[in-house]
Amino acid sequence: MLISLSLSLQDETSEQKLYQVANELLVTERAYVTRLYLLDQVFCAKLMMEAMKGVFPVEAVKGIFCNVACLYAFHSEFLLPDLEARMKEWDTRPWIGDILEQHTPFLRMYGEYVKNFDNAMDLLKQWSQRSAQFSTIIQGIQRQKICGNLTLQHHMLEPVQRVPRYELLLKDYLKRLPADAPDRSQAEKSLQIISMAAIHSNSSIDKMANLKKLLEIYEMFGGEEDIVNASSELIKEGQILKLAARNTSASERYLFLFNNVLLVCVTKFSLVGQQRFTVRNRMGIEGIKVVETVNDTYPHTFQVSGKERTLELQASSEEDKQDWVKAFQQTIDVYQKKNETFRSASKEVEEEVSTEELGRRAPRWIRDNEVTMCMKCKEPFNALTRRRHHCRACGYVVCWKCSDYRTTLEYDGNRVSKVCKDCYSVLTGRAAREEGSEGKKRGILEVSVCVSSIMCGFLLYSEKARAWQRVWCVIPQKEAVVLYVYGAPQDVKAQASIPLLGYSVDETPRSLDPPSSFRLCQSRSLHSFAAESEELKQRWLQVIRVAVTGDVANLLLLSNRDLANGCHDSGPHSI
């Protein structure tokens, strides 16, 4: 009797938990549809109304909102009504697996939205600056209660985060679902589809979360241009005292330490009561040093020195001081490591324009999606302040600072065209303007443009269980025991370098990892990869297993053998 009662209570608890998960899906779906309504029926509709009058281009509005209308229609007319209907009849049909199986294939629409997100941010910023009417409409809507004091950019992050949210809820649902439940197989199929869609969203989710924080900081500076680069990452922020260089006075400052810059700010008065800042000093992380100092008058001090200036700062306590010094040192170490890179070359070297032909023959343009950073100064691209531009002479993708030069090109009828600084110097014989380039040393791992590789190709990559992202991986012949990870095939700077010597290889299948995955492990370091096929995975492992032993001779033999067999993609070839 007691056993029967206990089982009955367990079943009841299990059913209650299933109901709670299903109800949470419904509640969050309602809130999400409200957000999509705001994007499509409020922001997009009002901007399109003005665009139809010729105030600004219709194509600009379409480019910003991409397929938001399709997303809104799908969720408001199909998924949400079906969920609401099912929850009303939960007593007789207590499951949602069939609904999810029916609708999850449509989540592939999110791939287009995520892919267009950077372009949307770019267009939004561009037309907010170009058109006063465009900016006025957006600001007017943002002041409405429905926006919740958030910007349009904040609301546009929501679709990127929605698919991973479905994945988490469905995993929770499956945990509580009995093995013999009528919708078990349907829920499992749905999870497979959602997981594949989530990989594309998760590759951007960390970047979007960081962007959301950066947008908040961007607004603290009143939207001042180029104060916060969207490719930056906030490391630490907080109140501190700055000691005067000529006397014993101290001034209150607020520091924002990013992975590439330090902003030293003062608090600015704001009528609306929100915290606002003005930047007093801006120091690049490159070349910066931090040392602890001894000051009899002011305890807990340390010094930050860079190319631009030196600051002596006082923390509130010894513990606070050590936290700041540690944060600075770790940021410096990571920055220096990431700059130990070499240049990759165009995959189609034969199509590059020689110096003799420069300006006389149209170049092959490097595609936007083949690079994630400027091919000249190596600064990362982003949708807010550092956009992609093409040099009309060599075809390289560069930032606005490196393409702010113009000269005539013979192949284009001697019309004045935008070129990069290197091509400007070659074509005109005049030195291009240099900003802070004195003393800049070449990275110790930078090599010539054409680099032969033992292995290269696209893989999915995750470090220490972080979100998966698609990257371009290279094992060069000259450094056969190092694996370089790039954001794209034409990037001139690697995101990470992994010295393979001493690593162990683990290809044991894991349920949460994509198919054809493997891991490189050493001490506390864990790097996870996944290939597009099992065959491709084994080709990578064949090379890596030799590389971890340091047997360079055998690696070069593998390279020559594969070349003889005609292997190209994700095999030995020049990059």
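This is a predicted model: local features need pLDDT of at least 70, side-chain atom pairs count only at pLDDT 80 or more; totals for chains, interfaces and linings use all residues.
Trainee: How many residues does helix H10 have, and what span should they give?

Mentor: At 1.5 Å a residue, the 21 residues of H10, numbered 318–338, should span 30 Å, and the end C-alpha atoms are 30 Å apart, which agrees.

Trainee: Which residues of H10 are buried?

Mentor: Those under 20% relative accessible area count as buried, and in H10 they are Asp 320, Lys 321, Trp 324, Val 325, Ala 327, Phe 328, Thr 331, Ile 332 and Tyr 335. Seen down the axis of H10, these buried residues fall within an arc of 160 degrees, so they line one face of the helix. The face turned away from that buried side carries the exposed residues Glu 319 and Lys 326.

Trainee: Against which strands do the buried residues of H10 pack?

Mentor: They pack against strands E1 (234–243), E2 (250–258), E3 (261–268), E5 (289–292) and E6 (301–305).

Trainee: Where is His 300 placed, and what is its phi near?

Mentor: His 300 is in the loop between E5 and E6, and its phi is near 60 degrees, a positive value in a residue other than glycine. His 300 is partly exposed, its relative accessible area being 26%.

Conventions. Residues are numbered from 1 along each chain as its sequence is written. Side-chain values use heavy atoms; hydrogens and water are left out. Helices (H or I, at least four residues) and strands (E, at least two) are DSSP runs, numbered from the N terminus. The expected span of a helix is 1.5 Å times one less than its number of residues. Buried means under 20% relative accessible area, exposed over 50%, partly exposed in between (1.4 Å probe, protein chains only). The arc is that of the directions from the helix axis to the C-beta atoms. Contact means heavy atoms within 4.5 Å.
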